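Hi,

Here is the structure I promised to pass on. Have a look at it first, and my notes follow below.

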Amino acid sequence: MPSIEEILGMPTLPSTSAAPAMNRPVSKIEFSFLFFSDVRKDVSDREKYDFMRDITLFGDREGFSAVYIPERHFSEFGSIYANSAIMASHLIPQTKRIRFRTAGVSLPLHHPAEVVEWWAMNDILSGGRVDLGFGSGWNKADFIFAPQNYENRKQICLDQIPVIKKLWRGESVTFSGADGKDYPITVYPRPHQKELNVWLLGTSDDTYIAAGKLGYNIFTMLQGISLDGIAKKVKLYREARSGAGFDADSGIFSLMLHTFVHPDKDWIMSAVEKPFKEYIKSSLGPHLAAGLEKETAGMRDGRSLSGEEKEKIVDYAFQRYFGTAAMFGNVEQTSAIVDKAIQAGVNDIACLVDFGIDYDAVRDSLPYLQQLVKRFR
């Protein structure tokens, strides 16, 4: 049976080796918010959207850099974010400075011209506060939108990003029409920003290298590694940028961390344990339903995981996340985590706060998060 880290992308035990020499600490670090996965059944979807609004408005007031919005389909796990462009259009008029960043558009599911149309409108409405992160997608059910793209989805994603950048700049791109003829397309309305900032989403070494070679920013998470191990991934990314002629240090390396800052860590444990375990169960479900059992979910002797095995996965995952892969603790404790991220070369932490904790508890914790962020300004 694969290790627990392979099953759910849990971080491995911290390494005792020093960070590679190339990973000079960045001069500053930005903080953003990420919304991804709320599966609470005791609140309505409207309340979930209202919570996202409240957190986004807090971030806008307190100098957070961006809010990351996902795209997810056909599962309770995160599917209140079926269209990130619509979510952004709801929040843009209520904010003044925070950026709207996707994490990410599942590009093989969409026509590139369609993506540019949606987000050009949002870029105009926001006065140029749109960035786009792209991923290849993974859930087989999602590909009812474009079933022909599933097998080659990673290459399609990489091939379509330059097309989106051309369309964003106002260049004409030729596409085949219903009659088999080619049509040169220029997208309107024209976005506010002349150039599009691009993030590539992923956790594999190939993704870090591709993002670096292409001059994109990177968005990732602690899948299978700890904060001690992320330095090696930053090194791959920075070296790839340098080798392709880009400034090695200018790309943004964004890291998602589950976040809950409060003075009483024992209280954090009691507040977080039950909802976070439910969150882990919900995240495991789509992987199993997507037919990934043989690849990542631990088939043993031709059978799927038993209920008892899944419970062990959840218990182990919670303890590992709580101890090594999340910003759970008081300001001093979480400052140490941020310091470690900086030493690894991370320059943007995306704080994930919608993983099932009581909304009022999250709202009450925001002043402590604000204290943490101010330490690094």
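Cysteine 157 is buried, at a relative accessible area of 2% (buried is under 20%, exposed over 50%, partly exposed in between, using a 1.4 Å probe and protein chains only). Cysteine 351 is buried too, at 0%. The structure has zero disulfides, a disulfide being a pair of cysteine sulfur atoms within 2.5 Å.

A word on what you're looking at: this is a predicted model, where local features need pLDDT of at least 70 and side-chain atom pairs count only at pLDDT 80 or more, while totals for chains, interfaces and linings use all residues. Residues are numbered from 1 along each chain as its sequence is written, and side-chain values use heavy atoms, with hydrogens and water left out.

Cysteine 157 also turns up around phenylalanine 134, which sits in strand 5 (residues 130-135) and is buried at 0%. Leaving aside neighbours within four places in sequence, the contacts of phenylalanine 134 (heavy atoms within 4.5 Å) include Val105, Val115, Cys157, Ile161 and Trp199.

Overall, the protein chain has 12 helices and 12 strands (DSSP runs numbered from the N terminus: H or I of at least four residues for helices, E of at least two for strands). Of its 377 residues, 54% count as buried.

Helix 3 (residues 84-91) is worth a look: Ser84, Ala85, Met87, Ala88 and Leu91 are buried. Down the helix axis they fall within an arc of 160°, so they line one face (the arc is taken from the directions from the axis to the C-beta atoms). Their cover includes helix 2 (45-62) and helix 4 (112-126).

On to charges. There are 16 salt bridges, meaning a side-chain nitrogen of Lys or Arg within 4 Å of a carboxyl oxygen of Asp or Glu. Aspartate 50 and arginine 46 form one at 3.0 Å, N to O; both lie in helix 2, four residues apart, and arginine 46 is exposed at 54%.

Aspartate 205 pairs with lysine 233 at 2.7 Å. Aspartate 205 is partly exposed at 34%, whereas lysine 233 is buried at 16%.

Cheers
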